[in-house]
Amino acid sequence: MLELVPITDSIGTEVRGVDVTGDISARDFDRIYQAWIDTCLLLFRGQKMTPEQQIALTRRFGEITTYTRSEFNEPEHPEILVLSNITRDGKPIGSAYSGRVWHSDGHYLSDPPAGTMLYAIEVPPEGGDTWFANMMAAYDALPAAMKERIDDLKVVISRVQSRPYNYPDRPAPTPEERAAWVDMRHPIVRRHEVSGRNALYSGGNVPWRIEGMPEAESAPLVTFLQEFSVQPRFTYCHRWQPGDILLWDNRSAMHRATPYDYAAYRRLMHRTTIAGHLSTGSPVPVGEAIAS
Ligand code: SIN
């Protein structure tokens, strides 16, 4: 029988009593979907899925999209992005280092993904955890005067600026990448397309700027919001076990992965991504490109 158990007081629901490869009735699925929207994060433990089954499960939540690191898509199933430090014939089979600073997936896109599913196949005995922060709870907890101050502001998200934070091991963007990666303007308070609730969209570790605000005012405001939103009361650290599936709502949660001993241990995760406004019926993308 389906059981929905809160993970912490502020974020996440563990879904029990469900085999994700079996039939999940429409009634049970509606409850699971609502828990995803309400609590940002779903956890299913002890699951075993083929790539086809992961794709089918993801599709129940929305349309699948792929937007990054296509060289690490699973060859037979390009909907699946492989995150792994494993090499085969001397070549990496997946993206070994991703998401080690607080972020929302695809924040540099005009229409960032609605959600991301990670399925753990092999995990290290220590490290390689994933942290989550509930950005709706963070917004709700802001003082009223701060909400009033930020409600209509836009944050300028630069993919070029984020590269050294997200991927310190990778080379600086090339001139071609710099030209292609236009800055994106997003509301710093993001209204959730399904629930209508507000969430902070201020990012985590990259010092974004507020559009039209002098740097001396913008930088401390962004830093305040970023630090405010990852306080322990809004966050949860997931220690992975093989067979875990996590699905996060990228419109209301941020996340970050912790390092592990890449030389000693193996980590293998299959990731699927749910498209943004197209899958939720929102009429317009949430971000706008800024002409350079
Ligand atoms: C990500 O940021 O999508 C990766 C998270 C992880 O590998 O734990």
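Predicted model: local features only at pLDDT ≥ 70, side-chain atom pairs only at ≥ 80, totals over all residues.

Trainee: Which pocket does the ligand take up?

Mentor: The ligand is surrounded by residues including L83, H103, T130, W248, R267 and R271. By class, this shell has four nonpolar, four polar and three charged residues. The space that the ligand takes is the largest pocket.

Trainee: How much of the ligand's accessible area does the protein cover?

Mentor: Ligand oxygen atoms have polar side-chain atoms of R267 at 2.9 Å and of R271 at 3.0 Å. For T130, the distance from a side-chain N or O atom to a ligand oxygen is 2.6 Å. On its own the ligand has 260 Å² of accessible area, and the protein covers 98% of that.

Trainee: Which elements give two or more residues to the lining of the largest cavity?

Mentor: The search of the whole structure finds three cavities of 30 Å³ or more, and the largest holds about 60 Å³ of space. Its lining is T65, T66, Y67, T68, N73, E79, L81, R271 and T273. The elements that give two or more of these residues are β6 (77-84) and β19 (268-274).

Trainee: How many charged residues are in the lining of the second largest cavity?

Mentor: The second largest cavity has a volume of about 40 Å³. Among its lining residues are S104, M135, Y201, N250, R251 and M254. By class, the lining has five nonpolar and five polar residues, and the number of charged residues is one.

Notes: Residues numbered from 1 in each chain as written. Heavy atoms only, no water. 1 Å grid on protein atoms, 1.4 Å probe; cavity = no way out; pocket = protein on both sides within 12 Å on 5 of 7 lines; lining within 4 Å. Points joined across faces, edges and corners; volume = space filled by probe spheres on them. Helix = DSSP H or I, 4+ residues; strand = E, 2+ residues; numbered from the N terminus. Nonpolar A, V, L, I, M, F, W, Y, C, P; charged D, E, K, R; others polar. Near = heavy atom within 4 Å. Polar contact = N/O pair within 3.5 Å; in protein donor to acceptor, adjacent residues only side chain to side chain. Areas by Shrake-Rupley, 256 points an atom, 1.4 Å probe, with all protein chains shown as cover. Sits in = over half its atoms within 2 Å of the grid points.
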